[in-house]
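Hello,

Here is the structure I promised to pass on. Please open it alongside this note.

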Amino acid sequence: MNEAIVSVKNLTLALAESPATLILDDVSLVVPRGSIVGVVGGSGSGKTTLGLAMLGLIPSAMQVKTGKILWEDRDLLMRGPEELRRMRGARVSMSFQEAASAFDPVFTVGDQILEAMAAHNPSAGKLARQKMFDLLSLVEVPDPRRVAANYPHELSGGLRQRAMLALALSAKPSVLIADEPTSSLDVTLQARVMQLFRKLRRDLGLSIVLIAHDLGMVERLADEMVVLSKGCVVGKDHPYARALMSAQEM
Ligand SMILES: Nc1ncnc2c1ncn2[C@@H]1O[C@H](COP(=O)(O)OP(=O)(O)OP(=O)(O)O)[C@@H](O)[C@H]1O
Ligand SMILES: [Mg+2]
């Protein structure tokens with residue numbers, strides 16, 4: 001249960017063109033198997049960059065100054081791009097901040113999930129469709145057949161968010177990095193997505209890295225969390241973390 005499935009050790013990322021500008025500054029984070037780990041911080045604090053780094057995607061404008069990113073016990077920065085590409089999705093997957101940008105507008109939602117499933121685990125025609133519907137049911141999409149036949153823009157924000165979760169889960173990852181999964185949703189839907197995360201952890205043993213602005217929401221769900229401020233990990237009692245808390249109480 002407590003074995004680390006992904007960990008980041010003392011990661012420092014700088015802008016390639018301006019190496020004195022640190023985007024992440026000595027950040028460490030451990031994701032134990034089956035746990036929910038929160039990453040909280042204000043806009044521009046480095047949350048998405050940290051999520052991408054855990055996926056082995058360092059933005060080309062940035063360079064690694066120090067640190068390691070481990071999947072189980074192997075340093076991902078030492079792996080070749082081909083190996084990373086194969087493992088990404090199957091090992092660690094990410095649902096992105098902008099649900100709209102995860103999908104290609106010209107294909108139906110169902111076809112895109114099918115394609116993502118097939119890329120890691122080819123299975124034949126009818127069976128594959130059934131698995132795709134099952135995946136949509138798992139993330140509590142009502143009427144999966146109808147939703148699968150829709151184009152991304154035809155879905156409501158809440159359904160598109162769930163469809164994106166299905167897409168992120170299509171290769172059966174051990175770790176899901178969920179970047180602001182509820183930021184575009186109203187409070188009721190936010191609560192349902194949080195319930196869904198609990199269920200996915202319980203039923204699939206999924207580890208979840210939950211990235212959000214909302215410290216209160218993350219605190220309710222996460223076993224552990226880190227607060228980022230300007231690329232640095234700060235304590236929960238840091239004035240910045242308190243400001244985040246009180247901002248929600250207003
Ligand atoms: N591809 C990039 N090239 C250059 N700078 C970048 C790039 N991506 C992010 N940054 C910079 O890195 C810093 C951290 O950005 P990041 O997107 O990780 O923050 P965030 O915490 O996810 O913010 P938000 O809450 O707004 O999503 C910001 O200063 C941002 O401008
Ligand atoms: Mg972000």
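Below is what was found in it.

This is a predicted model, in which local features need pLDDT of at least 70, side-chain atom pairs count only at pLDDT 80 or more, and totals for chains, interfaces and linings use all residues. Residues are numbered from 1 along each chain as its sequence is written, while chains are lettered from A and ligands numbered from 1 in the order in which they are written.

The sheet comes first. Six strands make an open, mixed sheet, ordered β6-β7-β8-β3-β9-β10. Strands are DSSP runs (E, at least two residues), helices likewise (H or I, at least four), numbered from the N terminus. Strands pair if DSSP finds at least two bridges between them. β6 (92-95) and β10 (232-234) each have a single partner strand, so one side of each lacks a neighbour in the sheet. β6 runs parallel to β7 (residues 175-179) over four bridges. There, Val92 stands opposite Val175.

Next, helix α1 (residues 47-54). Six of its eight residues are buried, so α1 is largely enclosed by the rest of the structure. Buried means that 20 or more other C-beta atoms, placed from the backbone, lie within 10 Å of the residue's own. Among the buried residues are Lys47, Leu50 and Met54. Just after α1, Gly56 has a positive phi of about 80°.

Finally, the domains. The assignment gives domain 1 (1-91 + 174-250) and domain 2 (100-172). Such bounds come from an automatic or database domain assignment. The C-alpha centres of the two domains are 24 Å apart.

Best wishes

Notes
Buried ≥ 20, exposed ≤ 12 C-beta atoms within 10 Å, placed from the backbone.
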